[in-house]
Amino acid sequence: MTAAQQGPPRDTQSTPPQAGRSTVTGRLFRTAFLLYLVAATVITGALVAETYFSARADLERELTLHQRTLERTLAGPLWSLDLDEVAKIAVAAADLPEIVGIRVLDHNQAGEFTRAGDLPEGSAGVGEAPGAQALPGQGLAVSFPVDYSHAVGSTRVGYVTLFSSELVILERLRWHIALLVIAALLKTAILWFIFDRVSRSILVRPLYSLVEATRRTGFDKLEPVEFDPATAKAAAGTEIETLRTAFNDMIGQLRRSRDALSVLNADLETRVGERTRELETRTSEASAATARVEQSRRQVAAALEEAERAARAKSEFLALVSHELRTPLNSVLGFSELIQRQVDTHQDDVKPAQISSYADAIHESGTQLLTLVNDILDLSRIEAGRMEVTPEWIDTAATTRTVVEMMRDPATKQRLSLEFGLGADTPMLKVDPRRYRQMLMNLLSNALKYTEAGGSIRIDGHRRPDGWLEIVVADTGVGIPASDIAIALEPFGRTGDPTTRRLAGAGLGLPLVARMMQLHGGRLAIESAVNAGTRVILRFPPSSVSNE
């Protein structure tokens with residue numbers, strides 16, 4: 001083939017790859033590392049807080065032990081009003097590492113016998129009531145009466161208050177907290193290095209090798225791509241290796257086509273007739289190729305439609321999960337900020353009951369987060385085919401009653417009637433006990449969520465004539481439109497009814513139950529209508545039902 005036939009020469013000089021990561025891998029690296037950094041910060045903070053409160057509880061127990069010793073030691077000197085001995089005992093107690101100060105009052109708490117050590121500021125009113133008390137400066141005080149036992153009974157001879165400082169707790173935890181922080185920083189640095197190496201070796205280097213080979217390709221230069229050993233090892237078994245193989249196949253086909261074209265060009269003048277017949281053959285092959293191209297086009301269009309559907313599903317999933325995660329996290333942050341603000345401002349009117357209510361709200365939000373994460377993990381295992389069930393024979397009525405009793409307190413708080421209808425003659429079931437309880441908990445939680453105050457929830461069970469066992473959870477809630485039942489059984493599916501849209505939930509309960517029933521060889525059925533309640537039926541096959 002002549003130069004004119006080949007066309008203008010191609011610029012085969014390649015541009016050197018940019019240093020560092022590509023835009024895609026850089027974003028992937030930053031996102032993954034940021035998520036890990038947030039998780040590591042939260043976990044480290046939780047560990048530090050748990051260590052602090054554990055040390056504070058230990059200090060309170062130690063002060064209680066010292067209380068018992070001082071009750072016996074001070075009873076005699078206070079009875080005999082030997083104030084010198086009382087002062088010596090107080091000084092000895094103040095020398096203990098857990099105690100920074102001690103104050104001894106008379107039996108009416110009207111006068112002070114002695115004091116020793118450093119009494120914290122704001123401790124003037126501390127000691128009027130027995131027990132452990134938190135000081136305004138985050139210290140700790142333990143007050144207790146001292147009674148002297150004699151032949152006719154016992155007589156109160158004084159009151160003692162032990163003071164401990166926040167510095168005692170911090171001194172104990174200094175190295176522990178430092179080790180936690182150092183470990184977190186070390187793990188972060190190691191993960192940074194691993195992410196950096198992996199992103200470079202697995203994605204950037206193989207992709208640039210393919211780009212350079214593509215730029216060098218021309219009619220007179222059809223060379224396959226061969227990775228160096230390190231790049232080949234990184235790309236082995238990945239889509240990049242598949243892409244390289246496809247590229248090399250294309251190069252091989254182009255080589256064969258080029259050689260064939262050269263032969264045909266050389267014999268063109270002498271083999272016109274043969275060329276004509278060959279062209280006819282190629283015409284039929286072209287028709288077949290056109291058909292294949294059309295088929296490929298349809299496949300690409302179908303793949304594109306599937307990709308768009310997956311993208312929409314991903315967007316809906318991210319929007320829903322981000323909302324479900326953000327709501328309890330906002331609750332945790334809000335209530336913890338209230339607690340921190342009250343502590344930092346040293347408010348004297350902080351009530352334990354108020355703090356307890358904040359802690360309950362934080363615990364409830366944390367439990368909601370844990371439930372959502374566990375449901376997502378369970379659904380992922382099922383979709384990946386990695387969830388296994390371990391069936392064993394269980395007492396159906398007893399196991400079901402246990403779950404009902406666990407949900408009775410939440411039902412009572414919502415002013416709902418929760419009824420148990422399984423009799424002692426309910427046959428035994430061969431199921432995974434943990435998954436069976438999880439299915440019932442999900443169904444009862446849904447019923448509680450979508451049933452208004454004053455409604456009722458009932459769970460029944462019976463064997464059908466064909467041998468199948470049905471466990472039925474029925475409620476008088478808002479119900480589901482018949483057209484939306486299929487949506488409710490899809491992961492993260494939420495019905496379009498505004499009444500149910502406003503309620504919290506990720507849409508994982510029913511899909512999880514349906515898939516767990518499939519793992520047990522059973523089926524899930526739903527009977528519902530708007531404002532007419534819902535009946536969810538678990539149907540177990542005869543092979544899982546006892547005949548006794």
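# Helices, strands and salt bridges in a predicted model

Me: In which helix are E278 and R282 four residues apart?
Reply: Because E278 and R282 are four residues apart in one helix, about one helical turn separates them. This is a predicted model, in which local features need pLDDT of at least 70, side-chain atom pairs count only at pLDDT 80 or more, and totals for chains, interfaces and linings use all residues. Residues are numbered from 1 along each chain as its sequence is written, and side-chain values use heavy atoms, with hydrogens and water left out. Helices (H or I, at least four residues) and strands (E, at least two) are DSSP runs numbered from the N terminus, and the helix that holds both residues is α7 (residues 272-344).

Me: How far apart are the closest N and O atoms of E278 and R282?
Reply: E278 has 24% relative accessibility and R282 has 38%. Each is partly exposed, the class between buried (under 20% relative accessible area) and exposed (over 50%), with a 1.4 Å probe and protein chains only. The pair forms a salt bridge, defined as a side-chain nitrogen of Lys or Arg within 4 Å of a carboxyl oxygen of Asp or Glu. The closest N and O atoms are separated by 3.4 Å.

Me: How many salt bridges does the count come to?
Reply: One of them joins E112 to R115, with the closest N and O atoms 2.9 Å apart; E112 is partly exposed at 37%, as is R115 at 47%. Another links R535 and E527 through their side chains at 2.6 Å, N to O. Salt bridges that share partners also connect R464, D466, E470 and R539 in one network. By this rule the count is 13.

Me: What share of the residues in the protein chain is buried?
Reply: The protein chain has 13 helices and twelve strands. Counting contacts (heavy atoms within 4.5 Å) with a separation of 6 or more, residues 24 or more positions apart account for 66%. Of the 548 residues, the buried share is 34%.

Me: Which residue stands opposite G101 in β2?
Reply: Strand β1 (101-105) and strand β2 (112-117) pair in the antiparallel sense over five bridges, where pairing requires that DSSP finds at least two bridges between the strands. They form a hairpin with six residues between them, and Q109 in the turn has a positive phi of about 60°. Facing G101 across this pairing is G117.

Me: How far apart in space are Q109 and G158, C-alpha to C-alpha?
Reply: Q109 lies in the loop between β1 and β2 and is partly exposed at 27% relative accessibility. In sequence, 49 residues separate Q109 from G158. In space, their C-alpha to C-alpha distance is 7.4 Å.

Me: Which strands are at the edges of the open sheet of five strands?
Reply: The order in this sheet is β7-β9-β10-β12-β11, with mixed pairing. An edge strand pairs on one side only, and the two are β7 (417-420) and β11 (523-528).

Me: What angle does the direction of helix α9 make with that of β7?
Reply: Four bridges join β7 to β9 (residues 456-463) in a parallel run, and S417 is opposite S456. Helix α9 (residues 396-413) packs on the sheet, touching β7, β9 and β10 (469-475). Axes are lines fitted to C-alpha atoms, for helices over the stretch in contact, and angles between N-to-C directions run from 0 to 180 degrees. For α9 and β7 the angle is about 170°.

Me: With which side chain does S143 make a polar contact?
Reply: S143 is in strand β4 (residues 140-150) and is buried, with a relative accessible area of 3%. A polar contact is a pair of N or O atoms within 3.5 Å; within protein, one must be able to donate a hydrogen and the other to accept it, and residues adjacent in sequence count only if both atoms are side-chain atoms. At 3.1 Å, the partner of the S143 side chain is that of T161.
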